[in-house]
Amino acid sequence: MRSPAAVVVLVVAVLVGGCGGAPSRGTAAPGTPPMGTNGAPVPTLDWRGCGGAFQCADVTVPLDYRQPGGETISLAAVRLPATDPARIGTLVVNYGGPGTPAVSSLRRLSKRFDGLRARFDILAVDPRGTGASAPVDCGSFGGDRVPVPVGPARTPEFWASAAEPGRACLAATGERLRHLSTANASRDVDLLRQALGEEQLSLYGYSYGTYSAATYANLFPSHTRAMVLDGSLDLVANAAGALGAERRPVDVRAGVSEAWEEAFGVALDRCAAGPGCPLGPGARARATDVVAASAAGTTNAELIARIDRALQTEGRLPGLMRSLAALAPGAPPSGGRIPLAAVPWAPEHSPSYLAIQCTDAVTPSAADMDAAVVAEQAAHPIVGASTALNHAMCVDWPAVDPDRYLGPWNAPLAAPALMVNSRYDPTTPLIDARATASQLSAAHVLVVDAIGHTTLDAPSRCAADAYTAYLLDPQVTPPDRCPAGL
């Protein structure tokens, strides 16, 4: 039985889904290309060698699946062909972001799939709007990163500054900006599936890539063989929010502040319990003094950003502890209290990140976000305001894709999804993976006992063996827990 929140999402999805998810095939006249997803021509793939065993191709897809014979865009794809004649099929990998180019990422990280290379073609496609696939252009904001809004939150000047990137992206990118939803990227993948002659695809998504994989699986469940969601978003929270949470910012809906604080606290406790901790046995108290001193001054945003980077992967934590210890002698005792930061850290994002995230998610108004900043900062003084402001630039985003997908997420799957999540992931909390497992029709959660974001930054040989075995045979039962480390 679905919850009332799921019913609301279902109604919204029906209203905005537009061209829908099930693939349709038109009847082609003799001599014309076969029709694929929503009547779009199935692209012809011309694979060419592009270094080592890699093969590259350009994939032509419709800009707008409501007009499948209209304007097209070209997507960049790369694959490593299977080496065993007993080939299973194609594994599509999405490296997250959103906005992370998948082609260059697979080239760099392909060894992670060595255990699957023989039986699968390993395939990556730069999603529309990213990398070499009709990338977003934001004019003066068109660099690798988009600057954060200027000035303190909850002022008209702040929100005017937050709106500037969206206007610049629409002016420079034009109509393409209205068609960059993950749902349309999923339709692209299904059109590519047909071009490959595959009946089903296997999927591996990291971070936001979990949202991409789950969107594909729910739009095209009969064409989904298996999927691994590594560091999963809460699908409902990212889309529109559960009933009663719709007016909260996305990361507040997802419980990121709590997870961030837990990961930071565990990292400090582990340091204190081990030999030679730079912060000594009172690591939590000394770190609190450092953060409190920065919050009372002008270095808060820089320090919180440094802590956040370190929490993404355990390998950076020793350096963080040394940095905090170096600052500790000048930090006055705080008594365990952290003042509210005058200049909270607001993460920067790439143009592609904003274009996709601000399209996919229902973002609350500036007034609602203002209220969330106050509440989150009071409840979580270190990072609460940063969590609430993470998507400040999505407020009043000027391009809405009518064909984005907001749920439901419980389409029948051929095999349960495998969810892999660090126990202490500050970005995609374990609670989000468990929430998504309950939203999908079937899923198994594997917890890696680590601090870090996805197995890219919290590697585990045990987890790698588990997802390899699952992808080779989705009916196997994976373990519930895995230790960190290779």
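Here are legends for several close-up views of this predicted model.

Before you start, a word on the ground rules: residues are numbered from 1 along each chain as its sequence is written, and side-chain values use heavy atoms, with hydrogens and water left out. Because the model is predicted, local features need pLDDT of at least 70 and side-chain atom pairs count only at pLDDT 80 or more, while totals for chains, interfaces and linings use all residues.

**View 1. Ten strands make up an open sheet.**
The 10 strands sit in the order S1-S2-S3-S5-S4-S6-S7-S8-S9-S10, and their pairing is mixed. At the edges you'll find strand S1 (48-49) and strand S10 (481-483), each of which pairs on one side only. Helices (H or I, at least four residues) and strands (E, at least two) are DSSP runs, numbered from the N terminus. Two strands pair if DSSP finds at least two bridges between them. S1 and strand S2 (residues 55-62) run antiparallel and are joined by 2 bridges; Arg-48 has Cys-56 in S2 as its bridge partner.

**View 2. Helix H4 lies across several strands.**
Look for helix H4 (residues 182-196) lying across S2, strand S3 (72-80), strand S4 (89-94), strand S5 (120-125) and strand S6 (201-206). The helix runs at about 120° to S2. That angle is taken between N-to-C directions, on a scale from 0 to 180 degrees, using axes that are lines fitted to C-alpha atoms, for helices over the stretch in contact.

**View 3. Strand S6 is covered on both faces.**
Of the 6 residues in S6, 6 are buried. Buried means under 20% relative accessible area, exposed means over 50%, and partly exposed is in between (1.4 Å probe, protein chains only). Leu-201, Leu-203 and Gly-205 point one way, Ser-202, Tyr-204 and Tyr-206 point the other way, and all are buried. S4 runs parallel to S6, with 4 bridges joining the two, and Val-92 stands opposite Leu-203. S6 also runs parallel to S7, this time with 6 bridges; here Tyr-204 has Val-228 as its bridge partner.

Strand S7 (residues 224-230) pairs with S8 in the parallel sense over 3 bridges, and Asp-230 has Val-420 as its partner in S8. Strand S9 (residues 443-451) also runs parallel to S8, joined by 7 bridges.

**View 4. Asp-425 is a buried charge without a salt bridge.**
Asp-425 is found in the loop between strand S8 (417-424) and helix H15 (430-439). What is the nearest side chain of opposite charge to Asp-425? It's Arg-316, 11 Å away. In this count Lys and Arg are positive and Asp and Glu negative, with His and the chain ends not counted. A salt bridge needs a side-chain nitrogen of Lys or Arg within 4 Å of a carboxyl oxygen of Asp or Glu. The Asp-425 side chain does make a polar contact of 3.0 Å with the side chain of His-453, and reaches the backbone nitrogen of Thr-454 at 3.5 Å. (A polar contact is a pair of N or O atoms within 3.5 Å; within protein, one must be able to donate a hydrogen and the other to accept it, and residues adjacent in sequence count only if both atoms are side-chain atoms.)

**View 5. Ser-133 is tucked into a loop.**
Ser-133 lies in the loop between S5 and helix H3 (156-173), and counts as buried because its relative accessibility is 0%. Leaving aside neighbours within four places in sequence, Ser-133 has contacts (heavy atoms within 4.5 Å) that include Ser-74, Leu-75 and Asp-126. The Ser-133 side chain also reaches the backbone nitrogen of Ala-76 at 2.9 Å.

**View 6. A salt bridge links Asp-121 and Arg-87.**
The closest N and O atoms of this pair are 3.0 Å apart. Asp-121 lies in strand S5 and Arg-87 in the loop between S3 and S4, so the pair ties together parts that are 34 residues apart in sequence. Asp-121 is buried, at 9% relative accessibility, whereas Arg-87 is partly exposed at 35%.
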